[in-house]
Amino acid sequence: MNKIAVIGAGKWGQALASAFRHKCNVVITSRTKRDIEGFVSLDEALEYENIVMTIPAQAVREWLHKHYGFKNHNILVASKGIEASTGAFLNEIYEEFVPKSNLTYLSGPSFAKEVLLGLPTALVLNSHNRMVATGWSEVFPDFIKTYVSTDVIGAEIGGAYKNVIAIAGGICEGLKLGENARASLISRGLVEMARLGREFGAKEETFLSLSGAGDLFLTASSKLSRNFRVGLGLAEGKTLDEILKELGEVAEGVGTAKALYTISKTNDIYLPIANEVYEILEGKDPMESLKDLLNNRRR
Ligand SMILES: NC(=O)c1ccc[n+]([C@@H]2O[C@H](COP(=O)([O-])OP(=O)(O)OC[C@H]3O[C@@H](n4cnc5c(N)ncnc54)[C@H](O)[C@@H]3O)[C@@H](O)[C@H]2O)c1
Ligand SMILES: O=P(O)(O)OC[C@H](O)CO
């Protein structure tokens, strides 16, 4: 596995391309032509056997329908999110197009900016096919430590849910609610993440490690997170349109908050913080949400 094609030339696509270039020949493509190293057409990229997908979660289904045909590809899915319109997880969408034994999902605490700088990072490669996931672990540079897991759904839920709690973390920071509040929010967000995971057959230990707690602590505490910055904007009273326009990058927690709200109501799963984030994105006053979270009696 020494030739890789990255689909999507956003912050994460370019960071992963840079990381994989330590050991592999890497090309990259996107919707619009970019003056970046290794840029090729989509058709040329899809001729590669090893494909890294970094397209935002909300765009994956349409992209696959429009552009994708399976040619025995070995695919690493590097996006994080749950489809807002259906509540579908990425593994459900990809498995409509690719055998699950050819799919691996990347998870764990990883700001693109720090990967580009070559700073120490630890990630998890999640697949139903442990051998394929192990193959991906061999192409990562030495500054990225990789682990292998077969808990695909647990990794997906961890990577998606943390983006929603990160929005709440940004709101907490923006409203100056304090460190007690932020620690409580992150802890209870982890409880909700694991509660959802139990409903979908995930392994508890997945949420105690990099894919869950690790990515959650990182994203819900840092202004490097786009989702955290959405929360800061909401606390300032900005509209979501204003926030996303200023951001200029994807914030997957926005779509995933809607997906989690749908999943929570459809399956009667108690996800109070995620549901309040969705309601704040729909216009609810964050201080009203805080009162409701402090006063509700369900555990
Ligand atoms: N940036 C990070 O630190 C980071 C780290 C880990 C995972 N991720 C995940 O990687 C994914 C991509 O994030 P990013 O940071 O690259 O975002 P980004 O906003 O920097 O880039 C998104 C890219 O996707 C393209 N895109 C948007 N809509 C598209 C569509 N309909 N069809 C095809 N391409 C489309 C955009 O042109 C852009 O190049 C997200 O799921 C994100 O959660 C990001
Ligand atoms: O900037 P965010 O909030 O999309 O987070 C980026 C990565 O997912 C962190 O692991």
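These legends accompany close-up views of a predicted protein model.

**View 1**
The protein has 15 helices and 7 strands. Its radius of gyration is 19 Å, close to the 19 Å that the globule rule gives for 299 residues, so the protein is as compact as a globular protein of that length. Along its principal axes, the C-alpha trace spans about 55 × 40 × 35 Å. Of the 299 residues, 56% count as buried. The accessible surface comes to about 13500 Å². Carbon and sulfur atoms account for 51% of that surface. Take the contacts between residues at least 6 apart in sequence: 64% of them join residues at least 24 apart.

**View 1. Seven strands form an open sheet.**
Read across the sheet, the order is β2-β1-β3-β4-β5-β6-β7. The pairing is mixed. Which strands sit at the edges? They are β2 (25–29) and β7 (144–149), and each pairs on one side only. From one strand to the next, the twist averages 25°. Strands of a sheet pair through backbone hydrogen bonds, either parallel or antiparallel.

Strand β1 covers residues 3–7. β1 and β2 pair in the parallel sense, over 5 bridges. K3 stands opposite N25 in β2. Although β2 is an edge strand, 4 of its 5 residues are buried, so β2 is largely enclosed by the rest of the structure.

**View 2. Strand β4 is covered on both faces.**
Strand β4 takes in residues 74–77. On one side lie N74 and L76, and on the other I75 and V77. Are these four residues buried or exposed? All are buried, so look for cover on both faces of the strand. Strand β3 (residues 50–53) joins β4 through 4 bridges, and the two run parallel. N50 has N74 as its bridge partner in β4.

**View 3. Strands β5 and β6 run antiparallel.**
Strand β5 spans residues 103–107, and strand β6 spans residues 121–126. How many bridges join them? There are 3. L106 stands opposite L125 in β6.

The three strands are β5, β6 and β7. Helix α10 runs at about 145° to β6. Of the 10 residues of α10, 7 are buried, so the helix is largely enclosed by the rest of the structure. The buried residues are L210, S211, G212, A213, D215, L216 and T219. An α-helix has 3.6 residues a turn, so residues three or four places apart point the same way.

Leave out residues up to four places away in sequence, and I167 touches N227, V230, G231, L234, G253, V254, V277 and L281.

**View 4. F97 is buried in a loop.**
F97 lies between α4 (90–94) and β5. Its relative accessible area is 18%. Residues under 20% count as buried, so F97 does too. Which residues does F97 touch, leaving aside those up to four places away in sequence? They are L64, H65, Y68 and F70. Y48 is 49 residues from F97 along the chain, and their C-alpha atoms are separated by 17 Å.

**View 5. G248 is exposed in a loop.**
G248 lies between α12 and α13. Its relative accessible area is 65%. The cut-off for exposed is over 50%, so G248 passes it. R226 is 22 residues away along the chain. The C-alpha atoms of G248 and R226 are separated by 9.5 Å.

Technical notes: Residues numbered from 1 in each chain as written. Chains lettered and ligands numbered in written order. Predicted model: local features only at pLDDT ≥ 70, side-chain atom pairs only at ≥ 80, totals over all residues. Heavy atoms only, no water. Contact = heavy atoms within 4.5 Å. Pairing = 2+ DSSP bridges. Axes fitted to C-alpha atoms, helices over the stretch in contact; angles between N-to-C directions. Buried < 20%, exposed > 50% of the residue type's maximum accessible area, 1.4 Å probe, protein only. Rg over C-alpha atoms; globule rule 2.2 N^0.38 Å. Areas by Shrake-Rupley, 256 points an atom, 1.4 Å probe, with all protein chains shown as cover.
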